[in-house]
Amino acid sequence: MPKRLITDAFLQSKPAPGEYWDSRISGLCMRVSPAGRRTWSLRYRPKGSTSFRRLSLGLYPELGIKQARERAESARVDISGGADPAGKITEKKAIEAASKGSFNDLADAYIERYAKAHKKSWAQDDMLLRAHVRPIWGDKASNSITRANAAELLDKIASTSPTSANRVQTVLSKLFNWAVDSGTLSGNPVARMKKRAKEKPKDRILTAGEIQIIWSALDSGISANIAACLRFLLLSGLRPGEAAGAAMNEIKDIANPAKARLEIPAKRMKGDRPHVVPLASMALDIIRGQCANAVKGQDYIFASNFYDRGPIARHSLSQAIRRLIDGLDSDDESAASLKSNPPTPHDFRRTLATGLAALGVVREDRLAVMAHIQSDIHGKHYDHYDRLKEKRAALSLWESHIKSLIGEADQ
């Protein structure tokens, strides 16, 4: 971009169409259209971004060179402090468009502008909206949705799935609160609305017989990647989303069984703290098998079978368990138990935690395996020892127990 000192004399000379960059203020540009329209803009790169944005400053001659430089310099000061003025204008326009559009427009804005930036579980929000809300409200004007509409929708969902109704209500409350805070809507139609179902604390634990049946059933009937992920869940104690999103670059020292581990960054963990998962022998075999079967350029350990090879979706794990259990022969007592009270992927994590306690693993080590943050001040702010050795011993003990259940002798 060649630069020149833009002067009043130059501007009055009616320059040819093109872009003229000021040599005094970096990024300040005068753009002359073929029709002679002259527009000031500032080209800049927001903090943390690799791409440039352009902020419109005004028209000449209404805005002269002196005033244009003052506006550009003021904007540059804000940008150096982390502001993104052009991005803010774009977001404002999107919000204004959503306020005049359909619920689908509002939901799109919520997912893109808020959920993806602030919620690790944004994909779950998106799934719930697509499954339960968009098919009914999608084309409805977002500012016409009433409390009665919301009650009718939630009652319909609750008639077949009370828990899903509660989850949808939570997402809608967050969505409408965001819309109110951003000025898109004037009110939240689900504010202070009672939940459709009273939920009990979950306490589902897999019995020894149920573990045997599920482990064996995973050999057929579902995707190999999903089967591997479900087994890894039972062996690692991770949350379903944390396991499903495990990335190839999180694998460390895979060739060394004594050091092999996953290093999960804070941004992927519920507690916003990094977590190290030692890979005991069975978990390590699963990871090695996934690496051996990975395609070129694959970024995720448990990749989706879709064309983009992104991570498998958390709900795919739940669906796989339901299909697996539906296909069981209920003559067996444990199979009948699975059918009458089907477990969720998160129940695998609870089973591991309970199993470690039964095996005599001390509480501090169990908390470390589960990536639970100590609630006291010392634990929250000062104790950063990762207990890697203790976690490896605990998970190895758990694997020995699993091997005894599924009929594999310890090597």
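Asp108 is partly exposed, at 37% relative accessibility. This value comes from a predicted model. The partner of Asp108 is Arg134, and their side chains meet in a salt bridge with an N to O distance of 2.8 Å. The pair links distant parts of the chain: Asp108 sits in helix H4 (residues 103-118) and Arg134 in helix H5 (residues 122-137), 26 residues apart. Arg134 has a relative accessible area of 12%. Buried means under 20%, so Arg134 counts as buried.

Side chains of opposite charge can pair when their charged atoms come close. How many salt bridges does a search of the whole structure find? The search finds 17.

Another of these pairs is Arg268 with Glu250, whose side chains meet at 2.7 Å, N to O. Is Arg268 buried or exposed? Arg268 is buried, with a relative accessible area of 19%. Glu250 is buried too, with a value of 4%.

A further salt bridge joins Glu263 and Arg261, and their closest N and O atoms are 2.8 Å apart. Here Glu263 is partly exposed, with a relative accessible area of 33%, whereas Arg261 is buried, with 16%.

Salt bridges can also share partners. Glu19, Arg31 and Arg54 are joined in this way into one network.

Methods:
Residues numbered from 1 in each chain as written. Predicted model: local features only at pLDDT ≥ 70, side-chain atom pairs only at ≥ 80, totals over all residues. Heavy atoms only, no water. Salt bridge = Lys/Arg side-chain N within 4 Å of Asp/Glu carboxyl O. Helix = DSSP H or I, 4+ residues; strand = E, 2+ residues; numbered from the N terminus. Buried < 20%, exposed > 50% of the residue type's maximum accessible area, 1.4 Å probe, protein only.
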